[in-house]
Amino acid sequence: MARVLDVGATGLLGQYIGQEALRRGHDVIATHRGRDAPGDERIEWHRLDIRDPSAVSALVRSVQPNLVLNAAAMTDVDRCEADPDEAKDVNETAAGHLAFLSNEVGAAFVHFSTDYVFDGAGPATENTKPHPLNAYGETKLFGERVVRKAHAESIVLRLSSLFGWNRLSSKTNAVTWILQKLEAGQEVPLFSDQKVTPTYAKTAAEAAFDLWDQRASGLFHVSCPDCASRVELGRAVADVFQISNPRLRPIPVGSVALRAKRPLAPCLVVRKVEETLKRPMPTFRACLEDMKATR
């Protein structure tokens, strides 16, 4: 049993991390930014703004965790473009400080990054040279680098188009947004010319703990192996959730007024994590089937 600090535990990824830690029998200390802590009494909750270095320092030193997982991030791509300073504070500076403190107290550290560190010229391995097209990707890339500098044995996982059930808020994600509209009988505009390899939050949480169990370190891509367009993802959602006559409308990325430029095919190659864990990453359809079974 370990003491696990789940930073950003009320976000989609943080929720799955907390539940996976509990499933494995660990003591879970978790942070939230909202006024009130969620009601799960199996978890020790602490209110925290990771941009406050003194508060972060006090928490890590008092908790003395064995493992810290940083699921906190500023992920709104257009908001990052509008406020790159705040994006830097959260995605880079705060991440590096948390990694430094984890190293200081002897805790392992897992940090989560993004496929948007790439320009989307094609499928990318961990050895592909990053080239972000927007402030979100840039701050996340710099975050990876400061984390690795502050904690040489850290694990950095790059994810893509995160999805799963959000049990703590109405905020949607790559799958639930599509599903919500389809079930309401609404038309769903989806990019036909952007391909991604979506990441099930459950898969990311399991991989994080399994890599830590193996005492791995370094950079890993974690996602479904499917490199598919947003329209293709929509068709899979409609099929698995048995929605007849889905109103999917293919549109090009350029038809939408977006503040930040999007990479067109930042698909992650997952061979390294599969070889390390000696198992395949689950397909997008398999993850959707799991969501359906756990609704």
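What is the hand of the crossing in which helix 8 passes helix 10, left-handed or right-handed?

Tutor: Helix 8 passes helix 10 in a right-handed crossing (near helix turned clockwise from the far one; left-handed if anticlockwise by less than a right angle). The model is predicted, with local features needing pLDDT of at least 70 and side-chain atom pairs 80 or more, while totals for chains, interfaces and linings use all residues. Residues are numbered from 1 along each chain as its sequence is written, and side-chain values use heavy atoms, without hydrogens or water.

Helix 8 covers residues 230–240 and helix 10 covers residues 284–293 (helices are DSSP runs of H or I, at least four residues; strands are runs of E, at least two; both are numbered from the N terminus). The axes of helix 8 and helix 10 come within 10 Å and cross at roughly 40° (axes are lines fitted to C-alpha atoms over the stretch in contact, with angles from 0 to 180 degrees between N-to-C directions). Helix 8 and helix 10 are therefore oblique to each other (under 35 degrees is roughly parallel, over 145 roughly antiparallel, 65 to 115 roughly perpendicular, the rest oblique).

The residues that meet can be named. On the helix 8 side they are Leu233, Ala236, Val237, Asp239 and Val240; helix 10 brings Phe284, Arg285, Leu288, Glu289 and Lys292 (contact means heavy atoms within 4.5 Å). By type, the residues of the contact of helix 8 with helix 10 are six nonpolar, no polar and four charged (Ala, Val, Leu, Ile, Met, Phe, Trp, Tyr, Cys and Pro are nonpolar, Asp, Glu, Lys and Arg charged, the others, Gly among them, polar).

Helix 8 also packs with helix 6, residues 176–183, at an angle of about 60° with the axes 10 Å apart. That angle makes helix 6 oblique to helix 8, and their crossing is right-handed. Ile178, Leu179 and Leu182 in helix 6 meet Gly234, Val237 and Ala238 in helix 8. The residues of this contact of helix 6 with helix 8 divide into five nonpolar, one polar and no charged. Val237 is listed in the contact with helix 10 and also in the contact with helix 6.

Glutamine 242 lies in the loop between helix 8 and strand 11. With a relative accessibility of 65%, glutamine 242 counts as exposed (buried is under 20% relative accessible area, exposed over 50%, partly exposed in between, with a 1.4 Å probe and protein chains only). Its phi is near 55°, a positive value in a residue other than glycine. Most residues other than glycine have a negative phi. Arginine 215 also has a positive phi, of about 55°, although it is not a glycine. Arginine 215 sits in the loop between helix 7 (201–213) and strand 9 (218–221) and, at 76% relative accessibility, is exposed.

Arginine 262 is buried, with a relative accessible area of 16%. Leaving aside neighbours within four places in sequence, arginine 262 is in contact with Val77, Asp78, Tyr116, Leu133, Gln194 and Val253. With aspartate 78 there is a polar contact of 2.6 Å between the two side chains (a pair of N or O atoms within 3.5 Å, one able to donate a hydrogen and the other to accept it within protein; residues adjacent in sequence count only if both atoms are side-chain atoms). The side chain of arginine 262 also reaches the backbone oxygen of alanine 260 at 2.9 Å. Serine 192 is 70 residues from arginine 262 in sequence and 13 Å away in space, C-alpha to C-alpha.

Glycine 120 touches Pro263, Leu264, Ala265 and Pro266, its neighbours within four places in sequence being left aside. Glycine 120 lies in the loop between strand 5 (108–114) and helix 5 (135–150) and is buried, at 10% relative accessible area. Between glycine 120 and proline 132 there are 8.7 Å in space, C-alpha to C-alpha, and twelve residues in sequence.
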